[in-house]
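Keep the viewer open as you read.

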Amino acid sequence: MRATVIGTGFGSLASALRLRALGHDVDVLEACPDAGGRARSLTFHGERFDAGPTVITAPWLFDELFELFGERRADCLEFLPCDPWYRLVYADGSRLDLVPGAERQRKEIERLSPRDASAYAGYLKHSQELYRVGYEELGDADFSSFSSMLKAFPHLVRLGAFRSLWSHTGRYFRDRRIRQAFSLQPLLVGGNPLTTTAIYGLIHAMERKGGIWFAKGGTGRLVEALVGLAVRHGIRFHYGAKVVGLSIGQERGLQSVEYSTLSEEASMPCDLCVWGGDPVKAYELLGPSRLSVIERMRARTVQSSMGLYVLYFKTRARYPDVAHHTIVLSARWEALLREIFGGSSLPRDPSLYLHRPASTDPGFGRPDGDLFYVLAPVPHLGNFSSWEEHEPAFKRTVLDVLGQQVLPGVAEQIEFAESLDPRYFRDALSSHLGAGFSIAPLLQQSAWFRFHNRADRVPNLFLCGAGVHPGGGLPGVVTSAKVVERLVREWSEDKAPHERLFFGARAA
Ligand SMILES: Cc1cc2nc3c(=O)[nH]c(=O)nc-3n(C[C@H](O)[C@H](O)[C@H](O)COP(=O)(O)OP(=O)(O)OC[C@H]3O[C@@H](n4cnc5c(N)ncnc54)[C@H](O)[C@@H]3O)c2cc1C
């Protein structure tokens with residue numbers, strides 16, 4: 001069958017590969033001139049930067065994609081282990097490393113808080129249970145029917161899913177710094193630790209299971225390796241092709257996708273389609289008459305993740321002591337998070353994530369300086385949009401914080417610095433409200449409540465990527481392709497008709 005996959009984010013790439021392995025004839029349409037979506041590579045002043053993801057967890061998920069075709073990821077690309085995983089720098093000057101090895105981690109916590117060190121084993125055990133149920137059992141489950149949610153409900157209650165991660169960590173740790181260290185993980189997928197369900201505590205167990213890795217040469221090399229694998233096995237890529245319409249017929253559901261390039265408006269007939277862009281946009285293209293009641297409600301009430309401000313820069317000085325993944329935490333926590341997720345101005349004291357790839361990969365070392373990117377969570381465009389006016393001052397604020405906490409004198413050492421803000425996510429990546437991570441990982445937007453992996457009323461339209469189940473981050477979006485694969489398999493074998501008991505008719 002002819003399958004059209006929209007987008008080249010990791011969710012789309014994984015879906016395209018899985019469909020190809022099922023034997024489908026696959027075309028991929030991408031609005032940008034290159035592949036990767038949020039994981040694109042960008043070149044500034046001759047230096048290539050990873051635009052987005054830099055932390056690889058659950059590396060086996062990528063290995064599996066190569067194995068579908070009898071190949072080995074390690075033959076194409078090396079993953080380098082990160083150690084420490086993250087270095088947290090607190091406003092009071094203290095530091096904590098998140099590190100490989102549970103005993104090493106306990107000792108590291110003990111340095112700051114002996115009482116909390118003894119609570120770590122219990123916290124880890126609970127995280128492992130969250131991981132077992134939340135990821136291994138439910139991660140690639142199909143949540144397109146309400147009955148699947150009812151089945152999962154008792155597990156969610158038992159695991160404390162109705163608590164926030166922040167309140168969950170408070171049950172184990174007393175020292176605020178330790179609590180922060182184990183509750184900032186939702187920020188890595190667009191969630192507010194104060195409101196994101198405690199289920200996201202599974203990220204720590206996932207990291208402990210599989211480690212934290214960096215693709216040699218950058219995440220862009222992983223994108224290239226997957227595109228190379230796809231091309232070797234006959235998948236066709238069409239860049240600069242933005243999908244602007246989904247044509248639905250009376251009988252066969254979706255029949256073709258309409259797209260526009262710089263030179264033409266064109267149509268691509270297909271038997272099935274996987275949408276890997278922002279699901280809010282897919283719903284817009286379908287229009288209300290093609291949505292079930294629940295889908296219309298979801299589209300109206302959706303809450304987006306926060307926006308991101310990212311500064312890519314090169315310094316003339318070198319900073320060899322800076323850890324690869326350094327997180328600089330502001331003295332404010334609750335108030336700052338409320339500002340980022342609901343406020344209407346830019347934070348004056350942002351918390352930051354600093355990426356220094358040369359710490360793990362010597363290939364990023366430069367004799368005449370150092371390459372970095374720094375990322376600050378900021379409100380999305382629905383809450384703050386005056387970037388034109390405020391970007392220069394915010395850039396200074398970010399560099400000031402870095403200068404005070406981790407890169408002394410950095411403002412004077414900048415060779416070049418180029419930034420992206422939520423406008424880039426809106427305009428280049430078609431992200432609703434310029435959100436950095438698609439929709440927020442709230443309990444009321446999880447599992448069945450999240451955008452489904454298949455459109456309720458268009459049986460041959462499937463959805464992958466950060467906005468659908470299981471959610472954002474590389475493990476989430478690559479896993480969403482497994483759900484899509486299962487649904488496509490069932491649909492094409494017509495074994496498991498989609499449930500429409502309450503919420504919509506089967507065919508369009
Ligand atoms: C700065 C940053 C840092 C991050 N760091 C990490 C990290 O370290 N580790 C981690 O696990 N995760 C990280 N993430 C999250 C992770 O990058 C994302 O969750 C993931 O890459 C999203 O993949 P996706 O499949 O949803 O597609 P996306 O990457 O969102 O790509 C969607 C693609 O679809 C295309 N598209 C959209 N609409 C259309 C259309 N109409 N027609 C054609 N094409 C279209 C877009 O152009 C885009 O290329 C980070 C994200 C950002 C932004």
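Val55 has a backbone N or O atom 2.9 Å from an oxygen atom of the ligand, and Val243 has one 2.8 Å from a nitrogen atom of the ligand. The protein covers 95% of the 1,000 Å² of accessible area that the ligand has on its own (Shrake-Rupley method, 1.4 Å probe; for residues, only the protein chains shown count as cover).

Before going on, please note that this is a predicted model, in which local features need pLDDT of at least 70 and side-chain atom pairs count only at pLDDT 80 or more, while totals for chains, interfaces and linings use all residues. Residues are numbered from 1 along each chain as its sequence is written, and side-chain values use heavy atoms, with hydrogens and water left out.

Which residues are closest to the ligand? Of the 40 that surround it, these are Gly11, Glu30, Arg38, Val243 and Leu474; a residue is near the ligand if one of its heavy atoms lies within 4 Å of it. By class, the shell holds 22 nonpolar, 15 polar and 3 charged residues (Ala, Val, Leu, Ile, Met, Phe, Trp, Tyr, Cys and Pro count as nonpolar, Asp, Glu, Lys and Arg as charged, and the others, Gly among them, as polar). Helix H17 (474-493) is one of the elements that supply at least two shell residues, and H17 gives the most, with 3. Helices (H or I, at least four residues) and strands (E, at least two) are DSSP runs, numbered from the N terminus. Because domain 1 (2-58 + 215-303 + 440-493) and domain 3 (307-427) both contribute to the shell, the ligand lies between them; the domain bounds come from an automatic or database domain assignment.

Val243 also leads us to a sheet: its bridge partner in S11 is Tyr259. The open sheet of 3 strands has the order S10-S11-S12 with antiparallel pairing, where two strands pair if DSSP finds at least two bridges between them. Strands S10 (242-248) and S12 (265-269) are the edges, and 6 bridges join S10 to S11 (254-260).

Finally, look at the loops. A cis peptide bond joins His469 and Pro470, with omega about 5 degrees, and Pro470 sits in the loop between strand S19 (461-463) and H17.

Definitions and conventions: Polar contact = N/O pair within 3.5 Å; in protein donor to acceptor, adjacent residues only side chain to side chain.
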